[in-house]
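Here are my notes on this model. Please keep the structure open while you read.

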Amino acid sequence: MYQFFTESSNIGEKDIYIRGTDVNHIRNVLRMQPGEQVCVQDGASGREYRCEISEYLEDTVHLKIMWVEEADKELPSKIYLFQGLPKGDKMEMVIQKAVELGAYEIIPVATKRAVVRLDEKKAAAKQKRWQSIAESAAKQSKRNVIPGIHSVMKFADAVAYAGKLDVVLIPYEMAKGMDETKRIIASVRPGQSVGIFIGPEGGFDESEITLASASGIRPITLGKRILRTETAGMAVLSVLMFHLESEEHC
């Protein structure tokens, strides 16, 4: 069943009104007819509404609410992915997969070894594109919320931004062995906010690791193999997803 997001202001006791770009998608792309059903998520409350298309207005889809569920499809912790800017269109795939795996927010980070350099205008255009990808991935994976894509940050600013989080990890090839990584991951409790720093293709500069460590960010290893930048974040997110959801139901 197709899923859409809307703001609480568009939701009444018995009716929901869909506006914006989703109207064209429902009417002209999906060609849905009155009587067909859709799911609507209220990202603010986490409620999921099963609805029936009632009618098409000029720039609005009018839906009738059939029933409401308190759907809880989010991880028990908010995970922030700090992704060093990769080359080409790899960031699009990183965002798509990170949203599927439960990331709450994705922060693109301009690091010293990143090949990509975005001026303010290009960065704004990229952010808009990336947010659209996050929304599509949230719909596909039936998320309760659309993860936010932050504007591009410098590394030092990203470290400062991560200072509000409970646990922050940074995969690094010189980190201690897998036993230490396992212990650190196992110590993360549901409800804690978690940050993950991932370097670009060239990895982090030594000065960045020094700053991160001095700021309380904990180095971890991802094993004996060197993972690509677009793989490393997904590996950590997958492990955290399994750990947190297992702990939540213990």
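1. The backbone oxygen of Gln192 sits 2.8 Å from a polar atom of the Ser77 side chain. The backbone oxygen of Arg189 lies 3.4 Å from a polar atom of that side chain. A polar contact here is a pair of N or O atoms within 3.5 Å; within protein, one must be able to donate a hydrogen and the other to accept it, and residues adjacent in sequence count only if both atoms are side-chain atoms.

2. This is a predicted model: local features need pLDDT of at least 70, side-chain atom pairs count only at pLDDT 80 or more, and totals for chains, interfaces and linings use all residues. Residues are numbered from 1 along each chain as its sequence is written, and side-chain values use heavy atoms, with hydrogens and water left out.

3. Where is Ser77 placed? Ser77 is in the loop between strand 5 (61-69) and strand 6 (79-84). Ser77 counts as buried because its relative accessibility is 4%, and buried means under 20% relative accessible area (1.4 Å probe, protein chains only).

4. The largest pocket holds about 480 Å³ of space. A pocket is an open set of points on a 1 Å grid over the protein atoms alone, where a 1.4 Å probe fits, with protein on both sides within 12 Å along at least five of seven lines; lining residues have an atom within 4 Å of a point. Its lining has 25 residues, and Glu173 and Gly203 are among those nearest the centre. Helix 7 gives the largest share, three residues.

5. The second largest pocket has a volume of about 270 Å³. It is lined by 13 residues, with Phe5 and Glu135 among those nearest its centre.

How values were computed:
Grid points are joined across faces, edges and corners, and a volume is the space filled by probe spheres set on the points. Helices (H or I, at least four residues) and strands (E, at least two) are DSSP runs, numbered from the N terminus. Buried means under 20% relative accessible area, exposed over 50%, partly exposed in between (1.4 Å probe, protein chains only).
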